[in-house]
Amino acid sequence: MSEPTISKRTQAERTRLRKEQVIQAAIRFFGQNGYHGARLADIAKAAGVSEPGLLHHYPSKVRLLMDVLAERDRIDGERFDPSRRAEAGGLLASLQALVDYNRTVPGLVQLFTVLVAESIDEQHPGHAFFMQRYRKVRQESLDALRKAQQQGEIRDDISTEDLVVLIYAMMDGLQIQWLYAPDEVDLAQSFTQFCRLLQAPSAGTPEISSGTKATKK
């Protein structure tokens, strides 16, 4: 059965669809041009709405940015939850799954990378969001890391506080190199090698797969 056309949807359905279209367009333009470089008129045109129509749903550019950031976090949250790491085959496997997914959505990764860099400025509207986000993911991952060390999954000769910083530094740094040279930097495979460095010696060969084969040397 075909999906109903926009004109046959309810008002609530039409509103939801328009907002989704605006967010997807905003993800692309924020990712390409940054927050300051993206123009609402361009986003509205790409979304198939008028600029007044866009402003009806998002009264300000800041409001639109916050919804875009929330949407990206929602997507990541569905794929990686440290509290459910055992169900996903371990903490490292969960992190690998997130990196594997990010490889399929370069636009979202670019959006995140551009906005993180821009928002270091305290006057940027995303500054508080990213500062709180990093604190939150570090704290959530600390608990998972401690359990992984206790269970012999991850090496315990490095403090969890240092490990969590290293993990997110590796993930974000790899993404930057990959965005610059996607044909030269294998995002998923490089992270797989990093995970092997974190593996506790007693755990044996890690059962982590990026979906790519490591090059034999």
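Reader: Which residues are linked in a network of salt bridges?

Author: In this predicted model, Asp-143, Arg-146 and Glu-161 are linked in such a network.

Reader: How many salt bridges does the structure hold, and where in the helices do Glu-20 and Arg-16 lie?

Author: The structure holds five salt bridges. For the second part, the general idea comes first: an α-helix has 3.6 residues a turn, so residues three or four places apart point the same way. Here, Glu-20 and Arg-16 both lie in helix α1 (residues 11-37), four residues apart, which is about one turn of the helix, and their side chains meet in a salt bridge of 3.0 Å, N to O. Glu-20 is partly exposed, with a relative accessible area of 37%, and Arg-16 is also partly exposed, with 44%.

Reader: Which residue forms a salt bridge with Asp-42?

Author: Asp-42 forms a salt bridge with Arg-39, and the closest N and O atoms are 2.9 Å apart. Arg-39 counts as partly exposed at 47% relative accessibility, while Asp-42 is partly exposed with a relative accessible area of 28%.

Reader: How should I read the way in which helices α6 and α8 come together, and at what angle do their axes cross?

Author: Two packed helices are described by the angle between their axes and the distance between the axes. In this case, the axes of α6 and helix α8 (residues 160-180) come within 10 Å and cross at roughly 115°, and α6 passes α8 in a left-handed crossing.

Reader: Which residues in α6 meet which residues in α8?

Author: From α6, Pro-106, Val-109, Gln-110, Phe-112 and Thr-113 meet Asp-172, Gln-175, Ile-176, Trp-178 and Leu-179 in α8. The residues of this contact divide into six nonpolar, three polar and one charged.

Reader: What are the buried residues of α6?

Author: They are Leu-108, Val-109, Leu-111, Phe-112, Thr-113, Leu-115 and Val-116. As for the helix itself, α6 (residues 106-118) has 13 residues and reaches 18 Å from its first C-alpha to its last, close to the 18 Å expected at 1.5 Å a residue.

Technical notes. Residues are numbered from 1 along each chain as its sequence is written. This is a predicted model: local features need pLDDT of at least 70, side-chain atom pairs count only at pLDDT 80 or more; totals for chains, interfaces and linings use all residues. Side-chain values use heavy atoms; hydrogens and water are left out. Helices (H or I, at least four residues) and strands (E, at least two) are DSSP runs, numbered from the N terminus. The expected span of a helix is 1.5 Å times one less than its number of residues. Buried means under 20% relative accessible area, exposed over 50%, partly exposed in between (1.4 Å probe, protein chains only). Axes are lines fitted to C-alpha atoms, for helices over the stretch in contact, and angles run from 0 to 180 degrees between N-to-C directions. A crossing is left-handed if the near helix is turned anticlockwise from the far one by less than a right angle, and right-handed if clockwise. Contact means heavy atoms within 4.5 Å. Ala, Val, Leu, Ile, Met, Phe, Trp, Tyr, Cys and Pro count as nonpolar, Asp, Glu, Lys and Arg as charged, and the others, Gly among them, as polar. A salt bridge is a side-chain nitrogen of Lys or Arg within 4 Å of a carboxyl oxygen of Asp or Glu.
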